[in-house]
Amino acid sequence: MIKCFLDLEFNLSDANASSGRYGMECVSIGACFLDENNQFLEQFYSLIKPKRNAKLGHYYAKLTHLNQDEIYKANNFIEVMEEFSNIYFKYEDVVIYTWGTEDKRMLFRDMKTNLYNGRLKKEFKQIIDLQEIVSNSIKHNNKVIKKQWALKDVQILYNNINYENHHNALIDAIMLKDIYISFYNKKNLNLNYLQSFIEKSEKEEIQLLEDFEEAKKNYFYPNRIETYINLKGWSSINKEFLKKYPMIKHKYYNCKKVIVTINENKIDIFYILNKDDLGHLHLILDINNFKRIKKYLNTLNKNGTKDVL
């Protein structure tokens, strides 16, 4: 079995970020191939000229260190996918790994935007999330410490090479390859580095319980499904709201209650599954993310993005 470790970097132009008209698009792709014995085969890297976000956004230019002129001169999405196909289909029985689910989601979004229906579309459906596998293996007292470890943190945990250009698609693909090999070989973790995350996890768990108890005292009422929200800027959210967003209450979380509270500029969304299980999303509301928080609720309704619990 051949392993392909894939990473993408994204861009959102400042104009689209302000207007909300279009979302992010892939701006670079990196991949690294290993054979059945985890020996290096080859690598691939290419910039991509986005269809709707060719102008680098300020944040993404700083994050990725990409050059604007190079983006303008880069091939478009379909052309780059064909280049990648020429390498990918040299091999048989290939498994693709990414770190998290975002790359897969964005690939399918860009395939739709660019009307791509090539051979890779079927292959991308089989992408495996290595982040989930590795994160669930890192435990303390038989409890998972973090559901979603950052790529760079796991690289440090395994005492692997610390690359400078993190958020370069090829470098991240190589890091992903390194982590896979370390995981496969059951390499020992850096316990000193791990300890800081254990302590943070324990503090967050205590804080979550405290928030839950406080919410029960102030906001929970028996046999009523309600949400509470400051009326400033938003319409009232109540039983009618839950009818509009069934994904939140039933289909996604199977919630018995959803409670939204605002204290000054802090938003807490509590997803009550049963008397013992609580999902909690904590947000800081400001003028920059107000629309995004509203959009987040819409997103839950549409596809149940699993990024809360």
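**Figure 1. The hairpin of strand 2 and strand 3.** Strand 2 and strand 3 form a hairpin in which five residues lie between the two strands. Within the turn, N38 has a positive phi of about 60°. The two strands run antiparallel and are joined by seven bridges; I29 stands opposite S46 in strand 3. Strands (E, at least two residues) and helices (H or I, at least four) are DSSP runs, numbered from the N terminus. Two strands pair if DSSP finds at least two bridges between them. The model is predicted: local features need pLDDT of at least 70, and side-chain atom pairs count only at pLDDT 80 or more, whereas totals for chains, interfaces and linings use all residues. Residues are numbered from 1 along each chain as its sequence is written, and side-chain values use heavy atoms, with hydrogens and water left out.

Figure 2. Five strands in the order 3-2-1-4-5 form an open sheet with mixed pairing. Its edge strands, each pairing on one side only, are strand 3 (40-47) and strand 5 (128-129). Strand 1 (residues 2-11) pairs with strand 2 (residues 25-34) in the antiparallel sense over nine bridges, and D7 has G30 in strand 2 as its bridge partner. Helix 4 packs on the sheet, where it touches strand 1, strand 2, strand 3 and strand 4 (94-98). The direction of helix 4 makes about 175° with that of strand 3. Helix 5 (residues 102-113) lies across strand 1, strand 2 and strand 4, and runs at about 70° to strand 1. For these angles, axes are lines fitted to C-alpha atoms, for helices over the stretch in contact, and the values run from 0 to 180 degrees between N-to-C directions.

**Figure 3. M81 in helix 4.** M81 is located in helix 4 (residues 77-88). Is this residue, M81, buried or exposed? M81 is buried, with a relative accessible area of 0%; buried means under 20% relative accessible area, exposed over 50%, and partly exposed in between (1.4 Å probe, protein chains only). Neighbours within four places in sequence set aside, M81 is in contact (heavy atoms within 4.5 Å) with I29, Y116, L120 and F124. I48 is 33 residues from M81 in sequence, and their C-alpha atoms are 9.5 Å apart in space.

**Figure 4. The largest nonpolar core.** A nonpolar core is a set of buried Ala, Val, Leu, Ile, Met, Phe, Trp, Tyr and Cys residues joined through side-chain atoms within 4.5 Å. In soluble globular proteins, nonpolar side chains tend to be buried together. The largest core here has 30 residues, of which L6, I29, F33, M81, F84 and F124 touch the most other members. Strand 1, strand 2, helix 4, strand 4, helix 5 and helix 6 (120-124) each supply at least two residues of this core, and helix 4 gives the most, with six residues. Apart from this core lies another, of 22 residues, among them L34, W99, I179 and Y180.

**Figure 5. The cysteines C4 and C32.** The structure holds zero disulfides (pairs of cysteine sulfur atoms within 2.5 Å). C4 is in no disulfide, and the nearest cysteine sulfur, that of C32, is 8.4 Å away. C4 counts as buried at 0% relative accessibility, and C32 counts as buried at 1%.
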